[in-house]
Amino acid sequence: MSDTAGQGYQMAFSHVGFFVTDMEMMADFYSRVMGFFITDKGMLNGKAITFLSRDPREHHQIVLVAGREPESHLNINQISFRVRSLGELKAFYARLVEAGANGMEPVIHGNSWSIYFHDPEGNRIEAFADTDWYISQPFKEPLDLTLPEAEIRDFTREYCKTRAGFKPIAQWHAEMEAMMAPGHPFLA
């Protein structure tokens with residue numbers, strides 16, 4: 001490994017996405033049996049998506065994505081890592097470009113800025129930084145990470161203001177803390 005590995009950004013594991021064949025059964029298992037809360041759900045690119053979390057500060061710790069073929073054993077949709085800021089995400093993006101990473105797709109999710117890409121064996125990876133806003137999920141809009149940070153922030157804020165569920169992320173966190181409050185049957 002290069003002695004420059006990791007310079008310009010810090011990265012931590014955040015969440016995992018699974019392809020599923022039966023969304024209702026899987027959402028029920030992770031919510032009723034595992035005690036996760038459904039934090040959002042909807043359609044993206046013609047596929048049902050369900051977001052689940054047990055942490056009110058995390059929009060999702062598990063993402064369920066419809067579309068897995070019943071006989072397929074390939075069920076990982078993505079493995080996701082958080083960086084601390086938009087600046088760190090831009091630094092990581094530059095590193096991916098320099099490394100010639102495949103399948104790069106920078107996007108705005110409203111509550112995050114993300115880069116999707118593939119590792120050398122084709123596994124889908126996401127690196128992301130949180131924004132200061134929440135909008136109903138799923139949502140995905142292309143992002144140009146070569147733009148200055150201030151321009152990306154301004155565009156994201158103004159764009160998100162027009163989307164369903166727009167609110168400051170602190171307000172969304174407070175709502176999730178109330179939903180996941182101690183004494184809830186899943187947390188007792």
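Reader: Quick one before we start, what counts as a helix or a strand here?
Author: Helices (H or I, at least four residues) and strands (E, at least two) are DSSP runs, numbered from the N terminus. The model is predicted, so to speak, by the record: local features need pLDDT of at least 70 and side-chain atom pairs 80 or more, while totals for chains, interfaces and linings use all residues. Residues are numbered from 1 along each chain as its sequence is written, and side-chain values use heavy atoms, with hydrogens and water left out.

Reader: OK. Where does Asn45 sit?
Author: Asn45 is in the loop between β2 and β3.

Reader: And what's its phi?
Author: Phi of Asn45 is near 55 degrees, a positive value in a residue other than glycine. Most residues other than glycine have a negative phi.

Reader: Is Asn45 buried or exposed?
Author: Asn45 is exposed, because its relative accessible area is 64% (exposed is over 50%, buried under 20%, partly exposed in between, with a 1.4 Å probe and protein chains only).

Reader: Backbone again: which residues does the cis peptide bond join?
Author: Gln137 and Pro138 share that cis bond, with omega at about 5 degrees. Pro138 belongs to the loop between β9 and β10, the latter being residues 141-142. For background, most peptide bonds are trans.

Reader: Switching to rings. How many aromatic pairs are there?
Author: The count comes to nine aromatic pairs. Rings of Phe, Tyr and Trp (its six-membered ring) pair if their centres lie within 6.5 Å; planes under 30 degrees apart are stacked, over 60 edge-to-face, the rest tilted.
Author: One of them is Phe29 with Tyr30, an edge-to-face pair at 5.2 Å centre to centre and 90 degrees between the planes. Phe29 is partly exposed at 35% relative accessible area, whereas Tyr30 counts as buried at 14%.

Reader: What about Tyr134 and Trp172, how do those rings sit?
Author: Tyr134 and Trp172 are stacked, 5.4 Å centre to centre with 15 degrees between the planes. The pair links distant parts of the chain, with Tyr134 in strand β9 (residues 133-134) and Trp172 in helix α4, 38 residues apart. Tyr134 is buried at 5% relative accessibility, and Trp172 is buried at 2%.

Reader: Which residues do ring pairs link into a cluster?
Author: Phe18, Phe29, Tyr30 and Phe36 are joined into a cluster by ring pairs.

Reader: Tyr30 keeps coming up. Which residues of α1 are buried?
Author: In helix α1 (residues 23-33) the buried ones are Met23, Ala27, Tyr30 and Ser31. Seen down the axis of α1, these buried residues fall within an arc of 90 degrees, so they line one face of the helix. That arc is taken from the directions from the helix axis to the C-beta atoms.

Reader: And what covers that buried set?
Author: The cover over the buried residues of α1 includes β1, β2 (37-44), β3 and β4.

Reader: How far is Ile76 from Pro142?
Author: Ile76 and Pro142 are 23 Å apart in space, C-alpha to C-alpha, and 66 residues apart in sequence.

Key
Contact means heavy atoms within 4.5 Å.
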